[in-house]
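Here is a friendly walk through one model, written for someone who likes to know the cut-offs behind each term. Please keep the viewer open as you read.

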Amino acid sequence: MSDTVTNSKRIAKNTLMLYIRMLFLMGVNLYTSRVILQALGVEDYGVYNAVAGFIAMFSMISSSIVGAISRFITFVLGQGDKDKLKKVFSTAIIIQISLAIIVVLLVEAVGVWFLNTHMTIPAGREVAANWVLQFSLITFVLNLWSTPYNAALIAHERMGAFAYIGIFEGCANLAIAFMVMYSPFDELIVYGAFMCLVAFITRMIYNFYCKKHFEECSFKWTFDKELFKEMFGFAGWNFIGSISGLLRDQGINILFNVFNGPVINAARGLATQVQAVVIKFSHNFYVAVQPQITKSYASNNVNESHDLVLRSSRLAFLLLTAMIVPLITETEFVLQLWLKEVPAHTATFVQIILICSLIDSFSSPLVYLMLATGKIKRYQIVVGLFNLLNFPVAWFILYCGGSPELAQFSIIFFAIGALFLRVSMLRSMTQFPVREFF
């Protein structure tokens with residue numbers, strides 16, 4: 001009982017730190033988006049979102065490994081095996097270096113060709129778009145490099161450091177917005193370069209903090225073949241889920257660029273900004289509760305992990321409902337307050353994405369529990385392949401002349417279907433209390 005109370009207090013404390021971070025960043029990020037839209041203009045803002053989104057498409061190679069790294073570090077920490085924890089961290093660094101090389105080769109070979117032959121870029125902005133591609137690629141590699149360090153920070157539940165570093169990053173992004181506005185050079189190129197610089201500084205701070213406070217965060221060039229196979233085996237099945245999520249988010253964004261042009265990308269980019277702010281309310285809670293779910297399962301306390309899933313799902317949904325319902329009913333009014341210039345389609349995109357976010361708020365704790373079991377083969381085949389259908393459905397709608405809003409609306413159907421599939425599969429895997437969940 002005392003352990004449960006201690007865990008609850010830790011979750012509450014960590015959540016409080018993350019909410020302080022979130023409230024500050026919410027205001028900063030929303031204002032930053034407004035300044036950047038004003039500085040770049042609708043077309044350049046759309047170009048940036050389309051090109052940066054294209055780089056995110058390549059993260060389907062890495063995001064499955066990222067999930068594996070986070071799960072293994074947290075799981076082994078819950079077991080208390082310090083020697084294995086050091087091996088997991090060093091193996092994770094080696095994996096990320098290998099992935100970075102693969103992604104760079106793919107982007108330079110395929111990405112540059114696709115950007116210059118298939119994407120819709122306004123005349124005269126091709127050079128700037130190519131610079132943004134390169135800066136986005138460097139930013140992506142920096143984020144890959146820092147993944148094991150971030151995973152260690154969250155696994156150790158040092159949310160205070162996580163909050164302060166996030167606040168620094170938000171302030172730096174706001175400073176960039178004003179610098180871009182008054183820059184004598186090409187605003188789009190300057191924006192991409194400074195975003196890359198901030199990513200580098202932020203990663204260095206994360207890395208320095210982790211090396212100083214966590215003994216396992218000292219890289220040694222050792223190769224554990226069995227551990228490497230175990231992590232890659234886990235990541236291999238997780239790869240399907242990563243592809244489906246990225247095709248839903250960034251893949252549909254690319255489709256909008258091909259079929260409708262960068263103005264639609266600007267509208268969807270702004271809608272995604274709203275979604276990101278709202279999701280932070282639930283995500284901050286999940287960051288605090290995820291290590292507890294994994295550690296509880298790792299220590300064979302399955303009932304406690306179920307209880308954490310139920311409580312976190314319920315609270316996250318209630319928190320999001322309190323925010324999302326007013327935003328959906330007064331979308332036009334809120335957008336007019338936020339932006340001086342509101343691109344067409346933005347209001348409808350915001351409403352659709354917010355409804356999907358509300359549905360997904362139930363799913364995140366279920367996914368954490370699923371990853372904690374390590375038995376994800378059947379889950380990824382069923383749920384991953386179901387979600388993969390979202391991309392061809394959206395393509396078919398646009399190909400047949402359907403509106404961007406209709407293509408975007410399809411994500412709600414798939415979010416509901418995936419939720420029911422997750423709950424059903426967890427019942428057979430961990431005896432998850434489905435009736436109590438609903």
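## Ground rules

This is a predicted model, so local features need pLDDT of at least 70 and side-chain atom pairs count only at pLDDT 80 or more, while totals for chains, interfaces and linings use all residues. Residues are numbered from 1 along each chain as its sequence is written, and side-chain values use heavy atoms, with hydrogens and water left out.

## Overall fold

The protein chain has 15 helices and 0 strands. Both are DSSP runs numbered from the N terminus: H or I over at least four residues for helices, E over at least two for strands. Of its 438 residues, 54% count as buried. Buried means under 20% relative accessible area, exposed means over 50%, and partly exposed is in between (1.4 Å probe, protein chains only).

Among contacts (heavy atoms within 4.5 Å) in the protein chain with a separation of 6 or more, 86% join residues 24 or more positions apart.

## Two nonpolar cores

A nonpolar core here is a set of buried Ala, Val, Leu, Ile, Met, Phe, Trp, Tyr and Cys residues joined through side-chain atoms within 4.5 Å. The largest one has 111 residues, and Met-231, Val-278, Leu-366 and Phe-432 have the most contacts inside it. Helix α11 (residues 346-373) gives the largest share of this core, 15 residues. Apart from this core lies another of 13 residues, among them Tyr-149, Leu-153, Tyr-206 and Cys-217.

What does Leu-366 touch, not counting residues up to four places away in sequence? Its partners are Val-309, Leu-419, Arg-422, Val-423, Leu-426, Phe-432 and Phe-437. Pro-365 also lies in helix α11 and counts as buried, because its relative accessibility is 0%. Beyond four places in sequence, Pro-365 is in contact with Tyr-286, Ile-293, Val-309, Ser-312 and Ser-313. Pro-365 and Val-309 are 56 residues apart in sequence, yet their C-alpha atoms are 5.3 Å apart in space.

Asn-207, in helix α6 (residues 187-213), is buried at 4% relative accessibility. Leaving aside neighbours within four places in sequence, Asn-207 is in contact with Trp-145, Ser-146 and Tyr-149.

## Aromatic pairs

There are 16 aromatic pairs in the structure. Rings of Phe, Tyr and Trp (its six-membered ring) pair if their centres lie within 6.5 Å; planes under 30 degrees apart count as stacked, over 60 as edge-to-face and the rest as tilted. Tyr-209 and Phe-214 make an edge-to-face pair, at 6.2 Å centre to centre and 75° between the planes. Phe-214 is buried, at 3% relative accessibility.

Why is the pair of Phe-317 and Phe-362 stacked? Because the ring centres are 4.5 Å apart and the planes lie at 20°. Phe-317 sits in helix α9 (residues 302-329) and Phe-362 in helix α11, so the pair ties together parts that are 45 residues apart in sequence. Phe-317 is partly exposed at 25% relative accessible area, and Phe-362 is partly exposed at 21%. One aromatic cluster is formed by Phe-317, Phe-362, Phe-420, Phe-432, Phe-437 and Phe-438.

## Packing around helix α12

Axes are lines fitted to C-alpha atoms, for helices over the stretch in contact, and angles run from 0 to 180 degrees between N-to-C directions. Angles under 35 degrees count as roughly parallel, over 145 as roughly antiparallel, 65 to 115 as roughly perpendicular and the rest as oblique. Helix α12 (residues 377-388) and helix α14 (residues 404-430) have axes that come within 9 Å and cross at roughly 170°, and the two are therefore roughly antiparallel. Residues in this contact include Val-382 and Phe-386 of α12, and Phe-413 and Leu-421 of α14.

## Positive phi in two loops

Most residues other than glycine have a negative phi. His-345 has a positive phi, near 80°; this residue is in the loop between α10 (331-338) and α11 and is partly exposed at 29% relative accessibility. Gln-431 has a positive phi near 55°. The loop between α14 and α15 (434-437) holds Gln-431, which is exposed at 61% relative accessible area.
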